[in-house]
Amino acid sequence: MELQLNDTTAFVSGSTQGIGYAVASALAAEGARVILNGRREESVAAATERLRRAHPGEHGGLVADFADPAQVERLLDRLGDVDILVNNVGLFGVEAFGSITDDEWARYLQVNLMSGVRLSRRVLPGMLERGWGRIVFVGSESGVNVPADMIHYGVTKAAMTALGNGLAKLTRGTAVTVNTVLGGPTYSEGVAAAVESIAADRSAPVDAVKAAIIGQNRTTLLERFLEPSELASLVAYLASPLASATNGAAIRADGGVLTGLL
């Protein structure tokens with residue numbers, strides 16, 4: 001399917017690997033010029049070069065740690081106008097509610113919520129002025145069905161979904177849209193590293209540990225982890241002119257995890 005993204009510019013936060021890079025690659029494959037983002041200069045440079053090799057174009061990168069508001073301000077000063085904003089950057093982790101400190105709550109809110117606030121506040125006025133634009137939040141099913149051992153993560157993802165819904169109301173009567181993708185358990189590089197570490201500790205095969213972890217999720221209909229590219233395909237569609245009738249939505253790409261809830 002031709003998504004009609006030639007001559008567009010996209011910024012994807014947190015995009016040197018995992019879902020973010022998969023989204024960047026999907027957009028670049030459809031003709032968009034993509035600006036990547038990561039916390040370290042070397043990782044941004046490597047990911048940008050990788051993207052250029054796979055999808056030749058004038059792709060670039062901006063370095064910023066979204067936990068640091070000063071770095072974010074510098075990024076916003078350099079960003080310029082974009083047609084597509086994908087708010088992907090995020091933190092996740094398993095932790096008992098009683099042990100999550102105020103500082104940790106603040107860090108999760110800075111990265112998972114305020115990144116989208118600051119980036120959207122920067123680019124939305126230009127989109128409205130030019131008459132077209134797309135903002136897509138990469139959310140999570142955990143923002144709807146909040147896990148007991150990831151409450152801080154689920155709460156910030158719920159807030160992200162609420163932010164997207166509210167921003168969409170500012171686009172009334174325009175060709176600008178704001179949507180959220182509710183992703184399910186995805187086998188990104190970060191998850192893969194965690195699974196490999198557990199497998200090493202248990203002297204067990206990685207595939208066996210991977211299957212055991214996803215097997216604990218009794219609600220997934222796919223009975224497997226999602227691949228980053230599967231979420232990226234939906235994000236790319238929502239970022240395209242073909243999704244012009246979809247606005248203010250939270251769309252599932254969760255493998256059926258939320259079937260009993262929505």
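**Terms and source.** I count two strands as paired if DSSP finds at least two bridges between them. Helices (H or I, at least four residues) and strands (E, at least two) are DSSP runs, numbered from the N terminus. This is a predicted model, in which local features need pLDDT of at least 70, side-chain atom pairs count only at pLDDT 80 or more, and totals for chains, interfaces and linings use all residues. Residues are numbered from 1 along each chain as its sequence is written, and side-chain values use heavy atoms, with hydrogens and water left out.

**Sheet.** I looked up the strand order. The sheet is open, has seven strands with parallel pairing, and reads E3-E2-E1-E4-E5-E6-E7. Strand E3 (60-63) and strand E7 (250-253) are the edges, each pairing on one side only. On average, neighbouring strands are turned by 20 degrees against each other, direction ignored. Axes here are lines fitted to C-alpha atoms, for helices over the stretch in contact, and angles run from 0 to 180 degrees between N-to-C directions.

**Strand E5.** I followed E5 on both sides. Four bridges pair E4 with E5 in the parallel sense. Leu-85 has Ile-135 in E5 as its bridge partner. From E4 the chain crosses through H4 to E5, and this β-α-β crossover is right-handed. Right-handed means that, with the strands pointing away from the viewer, the path from the first strand over the helix to the second runs clockwise.

Val-136 has Asn-179 in E6 as its bridge partner. Phe-137 stands opposite Thr-180 in E6. E5, H5 and E6 also make a right-handed β-α-β unit.

How many of the nine residues of E5 are buried? I count as buried anything under 20% relative accessible area, as exposed anything over 50%, and as partly exposed what falls in between (1.4 Å probe, protein chains only). Eight of the nine pass as buried, so E5 is largely enclosed by the rest of the structure.

I took contact as heavy atoms within 4.5 Å. Helix H5 (residues 151-168) packs on the sheet and touches E4, E5, E6 and E7. The direction of H5 makes about 160 degrees with that of E5. The buried residues of H5 include Tyr-153, Lys-157, Met-160, Leu-163 and Leu-167. The buried residues of H5 pack against E4, H4, E5, E6 and E7.

The expected span is 1.5 Å times one less than the number of residues. For the 18 residues of H5 that gives 26 Å, and the end C-alpha atoms are 26 Å apart, which agrees.

Helix H8 (residues 228-238) lies across E4, E5, E6 and E7. H8 runs at about 165 degrees to E6.

**Asn-88.** I looked up a loop residue next. Asn-88 sits between strand E4 (84-87) and helix H4 (102-130). Is Asn-88 buried or exposed? Asn-88 counts as buried because its relative accessibility is 11%. Leaving out residues up to four places away in sequence, Asn-88 touches Val-12, Ser-13, Gly-14, Ile-19, Gly-20 and Val-138.

**Salt bridges.** My criterion was a side-chain nitrogen of Lys or Arg within 4 Å of a carboxyl oxygen of Asp or Glu. The search of the whole structure finds five. I noted these pairs among them.

- Arg-53 pairs with Glu-49, the closest N and O atoms being 3.8 Å apart. Both lie in helix H2 (residues 41-54), four residues apart, about one turn of the helix. Arg-53 is exposed at 57% relative accessible area, whereas Glu-49 is partly exposed at 36%.
- Glu-104 pairs with Arg-107, with the closest N and O atoms 3.1 Å apart. Glu-104 and Arg-107 are three residues apart in helix H4, so about one helical turn separates them. Glu-104 counts as buried at 18% relative accessibility. Arg-107 is partly exposed at 36%.
- Glu-230 pairs with Arg-224, and the closest N and O atoms are 2.9 Å apart. Glu-230 counts as partly exposed at 33% relative accessibility, and Arg-224 counts as partly exposed at 34%.
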